[in-house]
Amino acid sequence: MNNRIVIKLPSRMEFLGIPDVVLMEIGTEFSCSSRCLEELGTSIIEACTNAMEHGNKLDEEVEIEIIFEVGEESVTVTVLDTGPGFDFSSWEPSDELMRPRGRGILIMREFTDELEFGRHDDGRFMVRLVKQLGSCGEDES
Amino acid sequence: MKIKERKRDGVAILEMSGRLMGGPDAEAFDEILKTLIHEGCRNVVVSMEKVRWVNSTGLGILISGYTTLKKSGGELKLLKVSDRIENIFIVSKLYTVFESYQDEDEAIQSFA
């Protein structure tokens, strides 16, 4: 069964919510708590924010690509942009609590089970987020 | 993001709706706070009940607002934060900074 969904968005911040809506729709098809979906959705929004802003420099003519791959036990989401990327291995969380920016990676790291930054085969910068479907427990009925 | 403003007992209540994500939202929010401070209203409750999601740049708007009001002798407090958004405040440790209420009366009385 093909469980791969691909969407492309112009680098316009007002479209940031679209992948979240897609994820919630996908989520109706598999057993997963709403918290699990929300955490992944929040992480995707952060990845897309970075891809549009830092990767594609908010150039509306340049698209970001979001690939959802739904497995039996996990969802993998890959976000691609055309920017230079950055070196995740040198990233450290800041201690400055009231900094106005710079929490995106922290949020992605906390809300996913695997987080990977790198270069896609076609040269685009890539963020890969993996969320185990059972990682947040069950919804209360 | 839309912002609806009202006042109660000398406290401004800003009802946000939609998505809180920086950009033009930051300018609009900053402008409203500056006007409120100019009018002498320095205590603000931000109602998050109708906010669907917040990203890290949206958090920056709230932090900037908090700092602006604090410097002018006021406070910014949050109302009706959803579980989804509360989780972001927890992982970013910002829950230690922002007072948050589920009840509007309680939020208003907290300024007394």
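Two helices count as roughly antiparallel when the angle between their N-to-C directions is over 145 degrees. In this predicted model, that cut-off applies to a pair of helices in chain A, α1(A) and α2(A), which pack at an angle of about 150°. The briefing covers this pair and then the overall build of chain B.

**The helix pair in chain A**

- Helix α1(A) spans residues 18–27 and helix α2(A) spans residues 34–55, and their axes lie 9 Å apart.
- Because the angle of about 150° is over 145 degrees, α1(A) and α2(A) are roughly antiparallel to each other.
- The two helices, α1(A) and α2(A), cross in a right-handed sense.
- On the side of α1(A), the residues in contact are A:P19, A:D20, A:L23, A:M24 and A:G27.
- Their partners in α2(A) are A:L37, A:L40, A:G41, A:I44, A:I45 and A:C48.
- Sorted by class, this contact between α1(A) and α2(A) comprises 8 nonpolar, 2 polar and 1 charged residues.

**Secondary structure of chain B**

- Chain B contains 4 helices and 5 strands.
- Along the sequence of chain B, these elements follow the order β-β-α-β-α-β-α-β-α.

**Overall form of chain B**

- A compact globule of 112 residues would have a radius of gyration near 13 Å, and the value of 13 Å for chain B therefore agrees with that expectation.
- Along the principal axes, the C-alpha atoms of chain B fill a box of roughly 30 × 30 × 25 Å.
- Of the 112 residues in chain B, 39% are buried.
- Among contacts in chain B between residues at least 6 apart in sequence, 73% link residues at least 24 apart.

Notes
Residues numbered from 1 in each chain as written. Chains lettered and ligands numbered in written order. Predicted model: local features only at pLDDT ≥ 70, side-chain atom pairs only at ≥ 80, totals over all residues. Rg over C-alpha atoms; globule rule 2.2 N^0.38 Å. Buried ≥ 20, exposed ≤ 12 C-beta atoms within 10 Å, placed from the backbone. Contact = placed C-beta atoms within 7 Å. Axes fitted to C-alpha atoms, helices over the stretch in contact; angles between N-to-C directions. Parallel < 35°, antiparallel > 145°, perpendicular 65-115°, else oblique. Left-handed = near helix turned anticlockwise from the far one by under 90°. Nonpolar A, V, L, I, M, F, W, Y, C, P; charged D, E, K, R; others polar.
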